[in-house]
Amino acid sequence: MGRPLIHRSPMPGLGLSMGITLTMLSLVVLLPIGALLLKGANYGLEGIWETVNRERVWAALFLSFRLSLLAALFNLVFGVLLAWVLVRYRFAGRRILDAAIDLPFALPTAVAGIALTALYAPNGTFGHIAASIGWKIAYTQWGIFIALVFVGLPFVARTVQPVVEEIEREVEEASATLGASRLHTLRHVILPMLAPAALTGFALALARAVGEYGSVIFIAGNIPLVTEIAPLLIIIQLEEFNYDAAAAIGIAMLLISFAMLLAINLIQIWSRRRIGHV
Amino acid sequence: MSDATLQKGTTARFRSATEESPLARRALIGVAFIGLAILVFAPLIAVFAEALADGVSAALRSLANPDALDAIRLTLTIAAISVPLNAAFGIAAAWFITKFDFRGKAFLITLIDLPFSVSPVVAGLCIVLMFGTNSLIGGWLVAQGFPIVFAMPGIILATLFVTFPFVARELIPVMIEQGRAEEEAALTLGASGWRTFWTVTLPNIRWALLYGVLLCNARAMGEFGAVSVVSGKIRGQTATMPTTIEMLYQEYLSVAAFSLAAVLALLALLTLLLKTALEIRHADQLAATHRH
C-alpha cells in the first residue's frame, strides 16, 4: 500500500460528512445515471444504434449541437466584450448591467421561453419589425438560436471578468512603451491572457445549450427535422412510454455532455500549464 | 468586483497609453447596453407587459385561480424541502472535501459538478428509469404505497439533481481559502466538534452559504425540464409553477400564463437584488467574486 486512502486528521465529523456526501451523491446523482446506463446496457449497443440512427434523431442531435455551437460562439464574443466593459470602464448604469448578466441564471427557463416567444412571434414587438422585412424568427431556427444565446449569456462574461480584473497594468504599459498600438496590445497581449477563461466559459455555455429544453420548446415550433431539439425527442418517447428509445437518445446526449466535460477539464489543464492559473 | 483596478478619473489632456480612445470606449459601452437591452431587459419587460395586458385585476384574478394557487403552494413546498436538503449536503460535502485529505478528491468534485453538464431532461429520464413503476425499486415502492415518479418525491429528487452542485461549489473555495487553523485552535481549546462548527466555521461561511442557497432556491423554484419529465403534470397535484405556466400557455390563456410567470420573474429579480447586495457588502467572503 502506498498512500493511505484517507489521511488521519484531528478534525471531527469525518464519518458524518463523508456519509452524507456519499449517500446523497449516490441516491440523487449516481444511481439514477447508473439506471440510465443499465437500461442502455440491457437494450444493447445495437438497439441504441438502431434508435439513434434515424433521420429524425440525427436531425435533432445535429440541430441541438449546431445551434448550441453558434450561440456559444456569439456569447464568446459578446461575453468577453461585456467582461471588459464592466471591469475597465466606469459609467452610469454599470451595476445594473452587471446584475442583468445573471438574469438568465435566475429567471426560470419556462418564463424565458414564453417571454422570448411573445417578443419574437410575428405579432410580437421584435417579431413584428423582423416580419416587415420578411424575416421570420419565432418558430424557426433563429428563434432557437436566440433562446440559446439567452441561457448561455452569463457563462463567458462571468469566467472572464475575474481574469480582466487581475491583468496588471504594467504589462499593458510595457507593451505601449515598446511602441505597440492599443489595438496591437489588445490583440497580442490581452486577448491571449483572456483566452483560457473565455474558452472555459464557451464550453460551459455550449454544454448548457445542448441540454436546454425549457426556453427553447416554446419558441422552436418543434417541427420534426427542422426545429425539433434532442431533449424534446426524449420527452416524446417518454410520453409514448417508449423507455428504451428514450434511454438510447438520453445516452447519446449523456455521451456528448461527458465529451464536453472532458474538453473543459483539458482546456483548464492546458491553460494552467500555459499561464500558471485559470 | 474589486475597485482596486478602478482607474481614477484621468484629468490629463492626453489619453493614457493603456486606454482605448474615447470613441472606442463609448462604442463598446453602447454595444453592451444595446445587447443586454435586447437580450435580457426586453424579455423581462415582455413578461410583465403580457401579464398586465388586460389590466391589473385580470392578472390578479388569474393568480387566485385554484390551479394557480395549488401550483404556487406545490412549488413553495418543493423549495422548502429540497433547498435545506441541498444546503445540508453542500455543507457536509464542503466539510469532507476541505477538512480531510483523501485520494480521489478531484474525482469526487467532478462527480458533484456532474449535474451541471447533464441536460435536465436527461436528469428527469434517469429518475424515471430508476424509480418509475417499470423499474425494480419503483415497482416495489409503488406496491408499498409510496410512489416516487408522478408524485412529490420524484419532483424533489429531480430538483435535488439539477441544483446539486450549487451550495457545495460556493462553499468549497471559501473553506479552502480559510484553511483549518481556526477550527484546530477551537478543538485544541476543548470545544466539541459541533460547537467548533457552529461558533467557528459557520460564521466564516455564512455569507457564502446564503449566496449558494439563494441561487439554489431560484433554480429549485424555476426548474422545468427535469420536473416536466418526472411530475406527470397532474393539475392540482403535481403541477408546479413552471409546468402550470406551460399548460396555461398551450391553452392560449396568455394572461394567466404570464401572470404566473411574472411572479417567478419577481422572484428572479429579488434573487438578483439580494445577490448583488451580498456581492457589494461581503465580497471578501464569497467565492463567486474572486473565482478563477
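This is a predicted model: local features need pLDDT of at least 70, side-chain atom pairs count only at pLDDT 80 or more; totals for chains, interfaces and linings use all residues.

Q: OK. How many helices and strands in chain B?
A: Chain B has 13 helices and 0 strands.

Q: Which UniProt domain annotation sits on chain B?
A: The unreviewed UniProt entry gives "domain: ABC transmembrane type-1" for residues 72-279 of chain B. UniProt positions are in the numbering used here, feature names are shortened, and annotations may be inferred rather than shown by experiment.

Q: How far apart are the ends of residues 72-279 of chain B?
A: The end C-alpha atoms of that span are 29 Å apart. The span is 79% helix and 0% strand.

Q: And what does the C-alpha trace of chain B span along its principal axes?
A: About 70 × 60 × 30 Å for chain B.

Q: How much of chain B is buried?
A: Of its 292 residues, 45% are buried. Buried means 20 or more other C-beta atoms within 10 Å of the residue's own; exposed means 12 or fewer, partly exposed is in between, and C-beta atoms are placed from the backbone.

Q: Switching to chain A. What's its secondary structure?
A: Chain A comes to 12 helices and 0 strands. Its C-alpha atoms fill a box of roughly 75 × 65 × 30 Å along the principal axes. Of its 278 residues, 47% count as buried.

Q: Where in chain A is confidence lowest, and where highest?
A: Lowest in helix α12 (residues 243-275) of chain A, with a mean of 83. Highest in helix α5 (residues 109-120) of chain A, at 96. Those are pLDDT values, the predictor's confidence in each residue, from 0 to 100. Chain A averages 90, and 97% of the residues score at least 70.

Q: Now the interface. How many residues of chain A are in contact with chain B?
A: 81 residues of chain A contact 86 residues of chain B. Contact means C-beta atoms, placed from the backbone, within 7 Å.

Q: Which helix of chain A gives the largest share?
A: Helix α1 (residues 14-52) of chain A, with 15 residues.

Q: How does that side of chain A divide into nonpolar, polar and charged?
A: 61 nonpolar, 11 polar and 9 charged. Ala, Val, Leu, Ile, Met, Phe, Trp, Tyr, Cys and Pro count as nonpolar, Asp, Glu, Lys and Arg as charged, and the others, Gly among them, as polar.

How values were computed:
Residues are numbered from 1 along each chain as its sequence is written. Chains are lettered from A and ligands numbered from 1 in the order in which they are written. Two residues are in contact if their C-beta atoms, placed from the backbone, lie within 7 Å. Helices (H or I, at least four residues) and strands (E, at least two) are DSSP runs, numbered from the N terminus.
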